[in-house]
Amino acid sequence: MDKDEIIKTVREGLEQMVGVGRTLVLNEEDRKIIAQLEEKADQMTLMGLGRGDNKGVKTVLQRDVIIPFQTTMEYEWPCGPNVVLMHDGKVVGEDIDDADKLKSMEQNSECLVIGNIVIYDKSVLTSLNCKSEPLVVVMPPKPCDDVECLPHVCNATLASPSPPTDEYLKERMGLESEHGTGSFLLGFDFECGCE
């Protein structure tokens, strides 16, 4: 199977997933622009908590092929955590999508719950000052089993782009920014030696 056929198969597979709209294959210029947008986004304060580190997008940018895709409210996000809070190299919080677990965390006096983000030890926040390491908001790469299982595909990885990259991707796909729509990045390699 040639590379164009593999890409076509992956795009068709993506477009059949619930909550996925338009797809596009990115070129080298797109990769450079996204790397710059993400670098700037990493320097901004995220959620008022600290600087960003979008490890997901950085991983996807290493792949042979990058396909952004539009998502709607029906799109099922990969299993969490999708946001991990780090301080001094340790995990100090994350997003939780289990309502019961969130409720129990709200009852714990050590924890701070902000929406679906849990900080496990709120004393970490009070210890932050201009001399300490900032919190790092990590967006980890996620596996994409629906694509990984396709023939001639390896290292299928999903990433959630920063807001500036999301806007860029929507523009490249010819989409309006509508409430409830977003974008994800899928990166994959052609066959590799991981078997």
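A nonpolar core is a set of buried Ala, Val, Leu, Ile, Met, Phe, Trp, Tyr and Cys residues joined through side-chain atoms within 4.5 Å; buried means under 20% relative accessible area with a 1.4 Å probe, protein chains only. The model is predicted, so local features need pLDDT of at least 70 and side-chain atom pairs pLDDT 80 or more, while totals for chains, interfaces and linings use all residues. Numbering runs from 1 along each chain as its sequence is written, and side-chain values use heavy atoms, without hydrogens and water.

**Stop 1: the cores.** Select Val10, Phe69, Val147, Leu186 and Phe188. These have the most contacts inside the largest nonpolar core, which has 19 residues. At least two core residues come from each of α1 (3-15), β4, β11 (153-159) and β12. Helices (H or I, at least four residues) and strands (E, at least two) are DSSP runs, numbered from the N terminus. Next, pick Ile66, Tyr168, Leu169 and Leu185: they are among the twelve residues of a second, separate core.

**Stop 2: Phe188.** Show its contacts (heavy atoms within 4.5 Å). Leaving out residues up to four places away in sequence, Phe188 touches Ile6, Ile7 and Val10, among others. Its partners also include Asp64, Val153 and Asn155.

**Stop 3: Asp189.** Move to Asp189, in strand β12 (residues 182-190). Is Asp189 buried or exposed? It counts as buried because its relative accessibility is 11%. A polar contact of 2.8 Å joins its side chain to that of Asn155. Such a contact is a pair of N or O atoms within 3.5 Å; within protein, one must be able to donate a hydrogen and the other to accept it, and residues adjacent in sequence count only if both atoms are side-chain atoms. A polar atom of the Asp189 side chain also lies 2.9 Å from the backbone nitrogen of Asp64.

**Stop 4: helix α7.** Colour Thr165, Asp166, Tyr168, Leu169 and Lys170, the buried residues of α7. Their cover includes α2, β4 (65-71) and β12. Just past α7, find Gly174, with a positive phi of about 70 degrees.

**Stop 5: the largest pocket.** Centre on Met139, Ser160, Pro161, Ser162 and Pro163, the closest to the pocket centre of its 21 lining residues. A pocket is an open set of points on a 1 Å grid over the protein atoms alone, where a 1.4 Å probe fits, with protein on both sides within 12 Å along at least five of seven lines; lining residues have an atom within 4 Å of a point. Its space is about 380 Å³. Two or more lining residues come from each of α2 (28-43), β3 (50-53), α7 (163-172) and β12.

Note on methods
Buried < 20%, exposed > 50% of the residue type's maximum accessible area, 1.4 Å probe, protein only. Points joined across faces, edges and corners; volume = space filled by probe spheres on them.
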